[in-house]
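Here is a quick briefing on one protein chain. Have a look at the model first, then read on.

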Amino acid sequence: MRLDVLMVVHFNEDMLAGAVDAEVFAAAERLLAGGAVGSFADATGGATAIVQVGQGHPVEVWVGIVHGGLDTECDCDAGRDDLCAHAVAVTLAALRSGFTWSSGATPPSEAVEPEVRELVEAADRLSRRRLTMLVATHASTDRRLRTRLLVEAGQLGPLARPEADQLRQTLNAIATEATTGWWQMPDVVTAGEAIISELEIISERSASMSALLLVEHAATLWDGLAAHLFDDWEHYEGVPEEMGARVRAVHLQLCERLQPDPDELAERLNRIIGSAESVSCLDAPHDYAPFRNRA
Ligand SMILES: [Zn+2]
């Protein structure tokens, strides 16, 4: 929705109240009073916050000043031109907390790659039922999308210990089979791909310590496989590095979200790096600097 704010500096609660339906404003006040509005994060010049909605799924709201007017985006089904109670609640909370409005904010839906935006426009043209079918059909054949869908729908939580143990067995088997009996170098690449895609699927879920430890175990498996590719550098120059970087990306993302104990992390990293036959994919001190103990 769009509400013109003539002078951004003077944007205040009264202006908001004056532009919003009294009922919506009251609902927003109730959300705020009930502690439904989570903490703010800066995003593309505006503010985002999660709003808890009764029994339903929480919605993510973005509010910001775009071209001198208040712009909002919300996960709820409010139309583009409607100012929903969630957006009003977040705007109110931002005003009351003295949030610094940037005059050049970019709504999240516009802060995407041009190619994605084009597809968003196409998706916008579909009915909800057709879009739902399209997503579900694709998710049934694409495990990463399937995971993302279930996570976003609140039906799949973080990776827990029993599931992680089972996956560990699966990954071990993939790595062992690749270099057992009569094998060729492409088998190593295929096994690596299989292991890394499992990790990338896990990365779509909420972070957990079980996930972090599983990824570290997978890193040692990959290091073992990668050693063969490093040996055959004439054919595989750059390949183990590129694939290893994907393992590291998943690991770094989990570290970012979990902020693991720096000493314990350093100890595990040293062990992984030390046991690698060749270079370990987690041997990137610069990337891990933010997670090091600064004491
Ligand atoms: Zn809403």
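**How the chain is put together**

Among contacts between residues at least 6 apart in sequence, 69% join residues at least 24 apart; two residues are in contact if their C-beta atoms, placed from the backbone, lie within 7 Å. Keep in mind that this is a predicted model, where local features need pLDDT of at least 70, side-chain atom pairs count only at pLDDT 80 or more, and totals for chains, interfaces and linings use all residues. Residues are numbered from 1 along each chain as its sequence is written.

**Overall build**

- The chain's secondary structure comes to 13 helices and five strands (DSSP runs numbered from the N terminus: helices are H or I with at least four residues, strands are E with at least two).
- Along its principal axes, the C-alpha trace spans about 75 × 55 × 35 Å.
- Of the 295 residues, 27% are buried, meaning that 20 or more other C-beta atoms lie within 10 Å of the residue's own.

**Where α2 meets α3**

- The axes of α2 (residues 22-33) and α3 (residues 85-96) come within 8 Å and cross at roughly 60°; axes are lines fitted to C-alpha atoms, for helices over the stretch in contact, and angles run from 0 to 180 degrees between N-to-C directions.
- On the α2 side, the contact is made by V24, F25, A27, A28, L31 and L32, and α3 brings A85, H86, V88, A89, L92 and A93.
- Sorted by class, this contact has 11 nonpolar, one polar and no charged residues (Ala, Val, Leu, Ile, Met, Phe, Trp, Tyr, Cys and Pro count as nonpolar, Asp, Glu, Lys and Arg as charged, and the others, Gly among them, as polar).

Technical notes. Buried ≥ 20, exposed ≤ 12 C-beta atoms within 10 Å, placed from the backbone.
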